[in-house]
Amino acid sequence: MAVDPGLPGAARTQLAVAGARATTAAALNRKGSGPRVQEGLFLALLLLAVGFALAGLAALLVWSFVEGLPRLDANLFTQGPSSLHPETAGFRTAILGSVYVIGGVIALIVPLGVGAAIYLEEYADKTRWWNRFIELNVQNLAGVPSIVYGILGLAFIVRGPLDIGFVAAAGSMTLALLVLPTVILAAREAIRAVPPSIREGALALGATQWQTVRRQVLPAAIPGILTGIILGVARAIGEAAPLLLVGAVTFVTVNPSLFEGRFTTLPVQIFNYAGRPQEVFHELAAAGVIVMLVVLLAMNSFAIWLRNHYEKKLS
Amino acid sequence: MTQETEITPMTEPQPEPPAHDALSEAAADPAAQRGVETHVVPEHRERKGGKTDAVFHIDGVGVSYSGKPAVRDVTFDIAENEITALIGPSGCGKSTLLRCLNRMNDLIPGCEVSGHVGFHGEDLYGPRVDPVRVRTLIGMVFQKPNPFPKSIYDNIAFGPRVLGVKGDLDEIVERALRRGALWDDVKDRLKDNAYGMSGGQQQRLCIARCLAIEPDVILMDEPCSALDPISTGKIEDLMLELKERYSIVIVTHNMQQAARVSDKTAFFTVELSEEEHRVGRVVEFDDTEKVFTNPADPRTEAYVTGKVG
């Protein structure tokens with residue numbers, strides 16, 4: 001998925017759109033002929049870049065639908081993986097595994113992400129070096145490759161201090177660490193967008209800082225925070241690499257549980273099916289991609305709708 | 001608790017004024033008991049018609065932001081049940097001084113207050129004074145109307161709710177809205193979002209919101225600067241009504257407004273300090289009539305007659 005969760009909203013797409021719009025506007029306003037050639041060239045370059053990005057996405061979508069459409073049936077959701085009967089095999093255990101892992105991720109990132117964001121925005125004294133250090137680190141962590149989090153999860157969660165083994169909860173914790181910086185950054189942005197006059201108004205009425213945050217700032221920031229959480233979760237759903245390291249296996253026929261036994265998730269299962277030589281598994285993988293795309297697009301659309309809806313309400 | 005009996009005369013006759021509960025709650029907190037509340041007792045309140053006493057006793061107050069002085073050597077008293085206007089050119093420290101009076105300046109990093117601010121005889125910056133409690137006694141209305149993005153009802157009820165005021169919330173809301181001269185405008189749409197009101201109504205809502213916690217003083221920081229003349233007139237009428245009950249300090253850029261509503265006026269100006277900083281200070285403090293008709297200082301005269309400024 002070409003969704004970059006580093007910023008709320010697909011940042012790459014936004015950048016491309018903004019660049020194209022600015023260029024167009026500049027080209028329309030300019031009257032002279034000299035710079036116009038340059039403008040035209042630059043615009044063409046930008047359109048080319050956008051075209052490449054869209055072409056990649058389109059190719060993926062077309063391939064998935066052409067390959068996977070015949071396999072989109074109920075078996076996909078009710079059957080587990082099978083080597084003997086690939087024509088009726090499905091993603092049941094993988095979908096359930098994803099639900100378990102993502103449920104754990106949500107349970108972890110909501111309190112931790114929002115708490116950290118509230119601390120950094122409302123309480124941290126920015127003149128202190130340690131607060132600036134934390135901020136810098138959160139920003140840097142958002143750019144760390146996911147496989148590094150997988151290694152971290154393997155060393156500290158599966159083995160090491162926590163030692164909970166190769167279970168779904170380990171996957172949840174690892175993915176939570178992975179998306180936490182994104183959620184913190186988005187939640188901070190949402191909290192910062194609440195006008196200071198609202199805080200002043202509440203404090204001037206004798207509310208304590210916590211009452212101000214709890215009763216005024218947070219309710220006003222919730223749509224933005226939710227957007228960040230949804231985008232973070234959308235990224236977590238699509239991750240396969242770190243999960244491979246913390247124990248997601250590719251062939252699980254029993255339904256998973258949080259703290260016992262092996263688990264698998266949708267992207268890991270797709271990875272497995274796609275790697276098999278038989279054509280029938282490739283179709284299965286394509287059908288899985290469609291399921292994931294639908295889930296991801298639905299989540300992203302919901303996040304965007306939520307943001308727009310509440311933005312209108314607040315202004 | 002002594003202050004209960006002291007506060008009563010200023011609340012409307014009704015069985016349980018919310019101020020009681022707010023202050024009894026404060027009494028439960030031993031720090032607050034030793035702090036400002038115990039000394040806030042306005043004993044003079046029952047002496048009507050006599051010489052009015054000082055609510056604020058400002059003595060040699062200076063404020064600096066990160067070491068840079070913004071205003072200094074301010075000395076005057078703010079009297080009870082009067083409207084005191086702070087006027088002067090931009091950057092002269094009027095708003096800065098106003099924000100010292102309910103310790104809103106505490107929220108600005110690097111802000112330091114020197115000198116003495118007395119509130120009913122108690123040092124407002126004393127070591128045992130809780131700034132949160134101070135703000136329940138000294139309300140504030142801001143330059144730009146800042147209603148909460150909630151219903152009209154919830155805007156008014158916020159203060160009593162966070163202070164844990166017991167009693168009929170509907171009644172408290174209605175009383176605050178009536179005192180804020182807003183009840184007739186909004187009684188049928190209390191559940192509507194406050195953002196749907198006009199600017200003038202929003203500002204009156206902010207005043208009513210502040211009245212709901214039964215403060216002793218209301219500080220107003222250019223409350224009409226974002227409003228049209230009709231809304232401004234309504235707020236000025238409201239201020240004249242409110243001063244029967246509350247003491248009001250208003251910062252304004254509008255000299256006609258100061259002349260119309262205030263009893264006392266402090267004129268601030270900007271001077272260059274030895275270190276070439278622009279520092280505000282008070283040039284003249286007197287009855288409004290005298291400041292506007294027969295000022296003692298030529299700088300005041302130049303400003304109020306519109307020659308400079």
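Start by selecting residues 168-192 of chain A: this is helix 7, whose 25 residues reach 35 Å from first C-alpha to last, close to the 36 Å expected at 1.5 Å a residue. That expected span is 1.5 Å times one less than the number of residues, and helices (H or I, at least four residues) and strands (E, at least two) are DSSP runs numbered from the N terminus. You are looking at a predicted model, where local features need pLDDT of at least 70, side-chain atom pairs count only at pLDDT 80 or more, and totals for chains, interfaces and linings use all residues. Residues are numbered from 1 along each chain as its sequence is written, chains are lettered from A and ligands numbered from 1 in written order, and side-chain values use heavy atoms, without hydrogens and water.

Now centre on A:Val179, where helix 7 of chain A has a kink of about 40°, shortly before A:Pro181. The bend is the angle between axes fitted to the seven residues ending at a residue and the seven starting there.

Zoom out to chain A: you will find 12 helices and zero strands.

Next, move to chain B and pick strand 6, residues 138-141. B:Ile138 and B:Met140 point one way, B:Gly139 and B:Val141 the other, and all are buried. Four bridges join strand 6 to the parallel strand 7 (residues 217-221); strands pair if DSSP finds at least two bridges between them. Look across from B:Val141 to see B:Met220.

Finally, select strands 9 (264-272) and 10 (278-287) of chain B, antiparallel and joined by nine bridges. Here B:Phe268 stands opposite B:Val282. In their hairpin, with five residues between the strands, B:Glu276 has a positive phi near 65°.

Terms used: Buried < 20%, exposed > 50% of the residue type's maximum accessible area, 1.4 Å probe, protein only.
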